[in-house]
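Biologist: Please take me through this model and set each value against the rule behind its name.

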Amino acid sequence: MPEGPSVRKFQLLTSPFVGQVVAKVGGSSRKLNVNDLNALRLQDSQVHGKNLYLAFVAAERPLGPRAEERALQREAAGGAHCPAQAGQGQICAAHPHSQHEELPEEPQHSRAEAPDGAEGPGTWLRIHFGMFGSVRANEFSRANRANKRGDWKDPVPRLVLHFESGGFLVFYNCRMFWCSSPRADPASDILSVEFHRGRALRALRAPDPICYTLLDQRYFSGLGNIIKNEVLYLARIHPLTPGSLLAPSDLEHLLDCAVQFSSEWLHNKLCGQRLHPQVYQKEQCPRGHPLMKGTFGPSGGFKRLTWWCPQCQPAVL
């Protein structure tokens with residue numbers, strides 16, 4: 001399923017439509033009455049980890065401050081300037097042309113049941129993407145291969161939002177739920193300027209296999225299986241190594257790899273460049289060593305495919 005960098009790009013595709021009114025809706029969603037979105041104004045667009053949140057309000061309702069404006073207000077109030085935030089702002093200024101864990105439990109409402117005292121400027125639509133989930137702006141996805149029956153059928157969108165401006169957004173392979181406000185902790189988001197390194201390092205020091213901890217969205221929101229495999233190889237750490245056996249310097253290096261890899265992946269996406277993994281779904285590592293593959297995960301939890309090089313990432317005895 002799309003990981004943090006991909007969902008960030010999806011959010012950038014929706015940003016130019018903030019402030020616009022929905023003129024027509026469509027889509028195949030059965031759990032969401034898409035007609036409820038008709039004549040609403042897209043108030044805000046936010047991304048938290050692997051989830052995209054869209055806020056909608058009645059069209060006649062005055063617009064409140066957007067997410068970017070609220071961030072600038074917080075920064076001005078704090079009187080501090082964050083270089084990382086400035087760099088991220090330069091990347092987010094571009095609006096590129098379009099193009100993967102279970103949903104955590106949270107209260108969900110139909111539109112009719114959305115609480116009147118909902119926190120935030122309006123009612124929020126939470127979007128969680130499936131394996132091939134995507135968002136497209138002003139274009140539809142087209143089939144690039146025949147399906148199992150030999151038919152060339154275009155993907156069916158779950159939701160299509162046509163705006164009064166004439167533009168439109170298309171959402172594919174995703175689950176959508178109404179919620180009162182975004183449920184997120186920016187301190188756990190590896191692509192957020194508020195990411196808390198100290199808390200992440202404490203989590204990595206746990207006695208659990210390091211590959212389990214990296215996928216724990218409580219501490220590494222947005223980090224998925226691709227990032228996990230790649231950063232463990234970059235840090236030369238065996239995936240089943242208990243975090244408590246690693247030196248603090250190794251954990252620091254691993255965290256640096258995770259943040260840098262995620263940021264570079266996002267940057268490359270915005271530049272239209274594809275990801276070129278070193279070990280994910282590969283047979284050899286860049287040094288020519290044969291890779292091992294296994295399925296690992298906590299007892300009672302989800303298992304994930306893992307690739308590693310026994311020579312570059314030796315097991316810790």
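Biologist: Which residue takes a positive phi just after helix 6?

Modeller: R236 does, with a phi of about 60 degrees. The model is predicted, with local features needing pLDDT of at least 70 and side-chain atom pairs pLDDT 80 or more, while totals for chains, interfaces and linings use all residues. Residues are numbered from 1 along each chain as its sequence is written, and side-chain values use heavy atoms, leaving out hydrogens and water.

Biologist: Why are R236 and A39 called partly exposed?

Modeller: Buried means a relative accessible area under 20%, exposed means over 50%, and partly exposed is what lies in between (1.4 Å probe, protein chains only). R236 has 32% relative accessibility and therefore counts as partly exposed. A39, at 45%, is partly exposed as well.

Biologist: How do you know that the charged end of R236 sits over the ring of Y233?

Modeller: The rule asks for NZ of Lys or CZ of Arg within 6 Å of the ring centre and within 35 degrees of the ring normal. The charged end of R236 is 4.3 Å from the centre of the ring of Y233 and is listed as sitting over that ring.

Biologist: Why is helix 6 described as mostly covered?

Modeller: Nine of its 10 residues are buried. Among them are I226, I227, K228, N229 and Y233. The cover includes helix 1 (4-14), helix 5 (210-214), helix 7 (248-270) and strand 8.

Biologist: What makes T306 buried?

Modeller: Its relative accessible area is 1%, so T306 is buried. T306 belongs to strand 8 (residues 304-308).

Biologist: Why is the pairing of T306 with K228 called a polar contact?

Modeller: A polar contact is a pair of N or O atoms within 3.5 Å; within protein, one must be able to donate a hydrogen and the other to accept it, and residues adjacent in sequence count only if both atoms are side-chain atoms. The side chains of T306 and K228 are joined at 2.7 Å. A polar atom of the T306 side chain also lies 3.3 Å from the backbone oxygen of R304.

Biologist: Which residues is T306 in contact with, leaving aside neighbours within four places in sequence?

Modeller: Contact means heavy atoms within 4.5 Å. The partners of T306 are K228, N229, P239, M292, K293, G294 and F296.

Biologist: Why does S262 count as buried?

Modeller: S262 has 0% relative accessibility and therefore counts as buried. This residue of helix 7 has a polar side-chain atom 2.8 Å from the backbone oxygen of A258. Beyond four places in sequence, S262 is in contact with P5, I190, L191 and I227.

Biologist: Why does G297 count as buried?

Modeller: At 10% relative accessibility, G297 counts as buried. G297 lies in the loop between strand 7 (292-296) and strand 8. Apart from residues up to four places away in sequence, it touches Y212, F302 and K303.

Technical notes. Helices (H or I, at least four residues) and strands (E, at least two) are DSSP runs, numbered from the N terminus.
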